Amino acid sequence: MAAVVLLVPVLAALALWAFAWPAARTAPHDLPLGVAGPATATAQVQKQLEAHEGAFEIHHYTDEAAARDAIEDRTVYGAVVVTEQGPKLLTASAASPLVAQSLQQAVAQQSGGPPMETVDVVPASADDPRGAVLTSSVLPMTLAGIAAGAVVTLLGLRGRRAVAALIGAAAVVGTVAALIAGSWLGAFTGSWWPEAGALALSTLAVSAAVAGLAALLGTPGIGLGAFVVMMLGNPFSGASSAPEMLPAPVGVIGQWLPPGAGASLLRSVSFFDGAAASGPALTLAWWAALGLGAVLLGSALKRRRSSGSSAPEPAPLTS
């Protein structure tokens, strides 16, 4: 009774901290932003941007074409281009609608003259301009992964059967999610198969981690895996804003966990032709490989313990 009375408030406090603190501190933190044009012409623009202390990480480009390439490669979230007609703001709402809006407020409105021309280089889907579907997909993929890992464990599947079940479940989840979010809701604009693969890999990373921890630690491993990916991975993912919009080191930690890496991978394959996809894809692959390896290891250890305990006792020596 005392444990319940003490444990529930602690869990509530942890949940409130994990979800509310990053949301309350959402603001640019070393957000990659480009400045394009001759050095003499961009000096004033750079000075205005540096006035936001710690907000932007400035990247210099020679012209607008180079700045556009950097945005399409996901090197920067936007760029200020100095032209003869005046400064121009380039954004990418597909990378983050919130960041695109924040750049307009922080950059375009500080020009002091007429409204700055704004060009959306990589726009979000016309059917989902605020990116709500992609943001909302993080939690279902996490829940699906937790459920798959828990079911495989509770059903007693071990070894190769457990691995096959986890991979099969992730493939089905990825296919269904791509059909709903991409084909039906029209939230993604990339190729269908890479999008389905990204969603499946995100689910497999979570389910393998949960099942792997359970194979090594027993049933408490399900709770530990669910806590990490749900209580930390979900609020730290930056899916609704961007990793650089979260306070340090939350944004970095979030990209090491499956929900954050999955959201970044899905953006890359859906809107940027796979640019900057290798990092999050490798993160998810490591989670999946380590989790599946733990499932196989746990099964082998349990078999060894069972065979050891069932071995007949040696006959006593007689004179």
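Colleague: How many helices and strands does the protein chain have?
Modeller: The model is predicted, and the protein chain has 319 residues. Along the principal axes, its C-alpha atoms fill a box of roughly 105 × 45 × 40 Å. The secondary structure comes to 11 helices and five strands.

Colleague: Among contacts between residues at least 6 apart in sequence, what share joins residues at least 24 apart?
Modeller: Contact here means heavy atoms within 4.5 Å. Among the contacts in the protein chain between residues at least 6 apart, the share that joins residues at least 24 apart is 73%.

Colleague: Are helix α5 and helix α8 roughly parallel or roughly antiparallel to each other?
Modeller: Helix α5 covers residues 132–154 and helix α8 covers residues 220–233, and their axes come within 11 Å. The axes cross at roughly 170°, and angles over 145 degrees count as roughly antiparallel. Therefore α5 and α8 are roughly antiparallel.

Colleague: What is the volume of the largest cavity?
Modeller: The count comes to two cavities of 30 Å³ or more. The second largest cavity has a volume of about 40 Å³. The volume of the largest cavity is about 100 Å³.

Colleague: Which residues that line the largest cavity are the closest to its centre?
Modeller: Helices α5, α7 (192–217) and α10 (258–271) each supply at least two residues of the lining of the largest cavity. The lining divides into nine nonpolar, four polar and no charged residues. Of the 13 residues that line the largest cavity, the closest to its centre are V138, M141, S202, P259 and G262.

Colleague: How many charged residues are in the lining of the second largest cavity?
Modeller: The second largest cavity is lined by S93, A94, A124, D128, G131, L134, A187, R267 and F271. Asp and Arg are among the residue types that count as charged, and D128 and R267 are in this lining. Besides five nonpolar and two polar residues, the number of charged residues is two.

Colleague: Is A95 buried or exposed?
Modeller: A95 lies in the loop between β4 and α4. Not counting residues up to four places away in sequence, A95 touches R74, Y77, S241, R267 and F272. The C-alpha atoms of A95 and R74 are separated by 7.8 Å, although the two residues are 21 apart along the chain. At 7% relative accessibility, A95 counts as buried.

Colleague: Which residues is S96 in contact with, leaving aside its neighbours within four places in sequence?
Modeller: S96 is found in the loop between β4 (86–91) and α4 (97–106). S96 is buried, with a relative accessible area of 1%. Leaving aside those neighbours, S96 is in contact with S241, A242 and R267.

Colleague: What is the distance between D30 and A55, C-alpha to C-alpha?
Modeller: D30 lies in the loop between α1 (2–24) and β1 (31–36). Leaving aside its neighbours within four places in sequence, D30 is in contact with G54, A55, F56, E57 and E244. D30 and A55 are 25 residues apart in sequence, and C-alpha to C-alpha their distance is 4.9 Å.

Colleague: What phi does D30 have?
Modeller: Most residues other than glycine have a negative phi. D30 counts as partly exposed, at 45% relative accessibility. D30 is not a glycine, yet its phi is positive, at about 55°.

Colleague: What phi does A276 have?
Modeller: A276 lies in the loop between α10 and α11 (278–309). A276 is partly exposed, with a relative accessible area of 44%. A276 is not a glycine either, and its phi is positive, at about 60°.

Colleague: Is the peptide bond from A248 to P249 cis or trans?
Modeller: Most peptide bonds are trans. P249 is found in the loop between α8 and α9 (250–256). With omega near -5°, the peptide bond from A248 to P249 is cis.

Definitions and conventions: Residues are numbered from 1 along each chain as its sequence is written. This is a predicted model: local features need pLDDT of at least 70, side-chain atom pairs count only at pLDDT 80 or more; totals for chains, interfaces and linings use all residues. Side-chain values use heavy atoms; hydrogens and water are left out. Axes are lines fitted to C-alpha atoms, for helices over the stretch in contact, and angles run from 0 to 180 degrees between N-to-C directions. Helices (H or I, at least four residues) and strands (E, at least two) are DSSP runs, numbered from the N terminus. Angles under 35 degrees count as roughly parallel, over 145 as roughly antiparallel, 65 to 115 as roughly perpendicular and the rest as oblique. On a 1 Å grid over the protein atoms alone, a cavity is a set of points where a 1.4 Å probe fits but cannot get out, and a pocket is an open set with protein on both sides within 12 Å along at least five of seven lines; lining residues have an atom within 4 Å of a point. Grid points are joined across faces, edges and corners, and a volume is the space filled by probe spheres set on the points. Buried means under 20% relative accessible area, exposed over 50%, partly exposed in between (1.4 Å probe, protein chains only).
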